[in-house]
Each structure stands twice: as structure tokens, then as C-alpha cells.
Amino acid sequence: MLERYLRPMWAFVFRDWHLTRRYMSWVAVFVFYAIVNSATIALIGKAQDDFRLTLTLLLGVLLWSFLSAMYNEIANSISYERWEGTLEYTFMAPVSRLVHLSGVSLFAIIFSVFRTIVILVGLVLFIQVSVTGANLLGVLVVLLVASLAFMGLGLMAAILPVMSPENGAQATNIFQGILLLVSGIYYPVTVLPTWVQPLAYLSPATYALEACRKLMGINHPDSTPDKLVGAPLSSVLPELGILLLMGVVLIPLGLLVFHTAEQWAKRTGKLKRTG
């Protein structure tokens with residue numbers, strides 16, 4: 001078990017860490033931009049002197065920062081391999097695709113957690129809000145469960161660079177943009193056009209946000225700027241159940257779709273192409 005699965009999986013985590021370390025200056029630039037972008041969004045709530053709006057925006061930027069970073073790391077892992085010239089070696093290595101993608105996903109989660117913590121620390125310099133009374137442990141549980149569903153979406157999006165070396169990476173960003181639009185990250189889903197609203201219920205981010213807002217007590221009538229009334233974890237069991245179901249369905253489906261795309265790319269010679 002250790003030799004066959006865990007050690008190779010951990011090797012992919014270390015490989016991705018070293019790849020990231022090579023471009024640490026770019027990571028710093030993108031994190032700085034994320035902090036500034038998040039602060040400008042959350043300060044809209046401060047300007048309105050509305051603690052509920054401020055917390056809604058703050059929660060939105062942090063949750064989306066975590067989930068989108070994880071999705072990006074998984075979805076673009078193939079593009080990174082192609083740029084480094086290691087895609088063929090990885091696909092021909094005597095390692096199962098499950099082990100390979102599990103290592104990529106584990107690194108994506110670790111990277112996203114640290115990135116979100118850095119952004120949170122940066123936001124504290126601009127915005128001070130009280131989270132006393134919020135169920136932060138429950139929020140962490142929701143994020144972990146939601147990660148499973150986003151992992152499955154990332155695996156499916158990762159086939160796009162395999163299928164199209166020229167436009168695949170760009171297509172993953174379009175997919176991510178649609179999730180941002182329909183999930184109600186900064187606004188209620190009800191403000192979306194009627195024909196768009198059904199799409200919101202296909203996005204795991206919608207359920208993660210609804211659960212986190214309850215756990216934070218943002219919309220609770222008794223919450224005040226100094227003390228929030230966060231809901232217990234039992235009150236968001238329906239959202240957790242849907243997120244867990246999405247993860248259970250999307251991860252195997254993502255692996256199946258990725259395997260099919262990989263076999264097709266090997267037959268048609270797409271792995272060799274670099275653009």
C-alpha cells in the first residue's frame with residue numbers, strides 16, 4: 001500500500017511543489033493581486049456601513065479564492081506538464097492515473113489552503129470585522145466537503161488542454177467564469193435572470209456559500225456587528241449532503257472522462273504537440 005500508492009502520490013505532491021517554487025515570483029504577484037482585488041470588493045460593504053454586506057463579500061472572496069485556486073491547479077496541471085515538456089513521460093510512467101491525479105489534487109488543496117490564509121492575513125490590514133459567534137469550525141467542514149466536488153470538476157476540466165493544446169487552457173477559464181457567475185458568490189442567486197437561475201443549482205459553490213452564510217450567521221436577524229449568531233452544523237446537513245453527493249459522483253466521473261481523453265490523445269498523437 002505504502003510503496004504502491006502513497007509514496008508515488010506523495011512524489012507528485014513534491015514534484016508540483018518544486019514546479020511552483022520555480023515560479024515563486026509569479027505566485028507572489030498573483031497572490032498580491034488577489035489580496036488587492038479581494039480588498040476592493042470587500043471595502044464596498046464598508047463604504048455602505050453594512051456589516052452584513054461586508055461579511056457577505058468577505059466570505060465570497062475567501063471561499064471563491066480557495067475553491068477557484070484548487071480548481072485551477074487541477075484543471076491546468078496538464079498545461080503545466082506540457083510547458084515543462086514532461087507530459088509524455090508522466091503518461092507513460094508505470095503509475096496509475098488515480099495515483100497521479102490524487103497527488104495533483106492533494107497538492108492543489110494544500111496550496112489553496114496556504115494561499116487563502118495569506119489572502120486572509122492581507123485582508124485584515126484593510127478590513128476589521130468581528131466574527132465572534134460564527135461557527136468557523138462548521139465553515140471549515142463545509143469547505144472540506146465542497147473540495148471534493150470541485151476536485152471532480154477540476155479533473156473534467158483538465159481534459160481540455162489534452163484535447164486542444166492551443167485553446168484548452170483558455171477553455172478552463174471560461175468554465176470557471178461560468179461557475180463564478182451562476183453561483184451567487186457576491187449576490188443572491190435570485191438577482192440572476194430567470195433563465196440562468198437553474199444553472200446555480202448545478203454548481204457546488206452555490207451550496208457551499210448558502211451553508212457558510214448560515215454558519216456565519218450573516219443573515220440571522222439577531223446578529224449584530226459585534227456578535228454574530230452562527231447556526232449549528234446540523235442546520236446545514238441538506239447542503240452538506242448535496243455537496244457530498246456531488247463529490248461522490250463527480251470524482252469517479254472526472255477520472256473516467258480523463259482516462260477516455262488520455263486514451264484518445266495517445267491514439268491521435270496529441271500528447272506530442274506543444275501548440
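Begin by selecting E262 and R97, which form a salt bridge with their closest N and O atoms 2.7 Å apart; the term denotes a side-chain nitrogen of Lys or Arg within 4 Å of a carboxyl oxygen of Asp or Glu. Helices are DSSP runs of H or I with at least four residues, and strands are runs of E with at least two, numbered from the N terminus.

The model is predicted: local features need pLDDT of at least 70 and side-chain atom pairs count only at pLDDT 80 or more, while totals for chains, interfaces and linings use all residues. Residues are numbered from 1 along each chain as its sequence is written, and side-chain values use heavy atoms, with hydrogens and water left out.

**Stop 1**

Keep E262 selected and colour by accessibility. Both E262 and R97 are buried, a label for a relative accessible area under 20%, whereas exposed means over 50% and partly exposed lies in between (1.4 Å probe, protein chains only). For E262 the value is 3%.

K266 is partly exposed, at 31% relative accessibility.

**Stop 2: R15 and D16**

How many salt bridges does the rule give? The count comes to 5. Another of them is found by selecting R15 and D16, whose side chains meet at 3.1 Å, N to O. R15 is partly exposed, with a relative accessible area of 23%, whereas D16 counts as buried at 10%. Side chains of opposite charge can pair when their charged atoms come close.

**Stop 3: T56 in helix α3**

Move to helix α3, which spans residues 51-75 and contains T56. T56 is buried, with a relative accessible area of 14%. What does the side chain of T56 reach? It reaches the backbone oxygen of R52 at 2.8 Å. This is a polar contact: a pair of N or O atoms within 3.5 Å, where within protein one must be able to donate a hydrogen and the other to accept it, and residues adjacent in sequence count only if both atoms are side-chain atoms.

Now display the neighbours of T56. Leaving aside residues up to four places away in sequence, T56 touches I185, R213 and I218, contact meaning heavy atoms within 4.5 Å.

**Stop 4: L58**

L58 is also found in helix α3 and is buried, its relative accessible area being 11%. Select L123 as well: the C-alpha atoms of L58 and L123 are separated by 8.8 Å, although the residues are 65 apart along the chain. With residues up to four places away in sequence not counted, L58 touches A42, L123 and V129.

**Stop 5: F66**

Finish at F66, which lies in helix α3. F66 counts as buried, at 6% relative accessibility. Which residues does F66 touch, not counting those up to four places away in sequence? They are I109, S112, V113, T116, L143 and S147. Draw a C-alpha to C-alpha distance from F66 to V113: it is 6.6 Å, for residues 47 apart in sequence.
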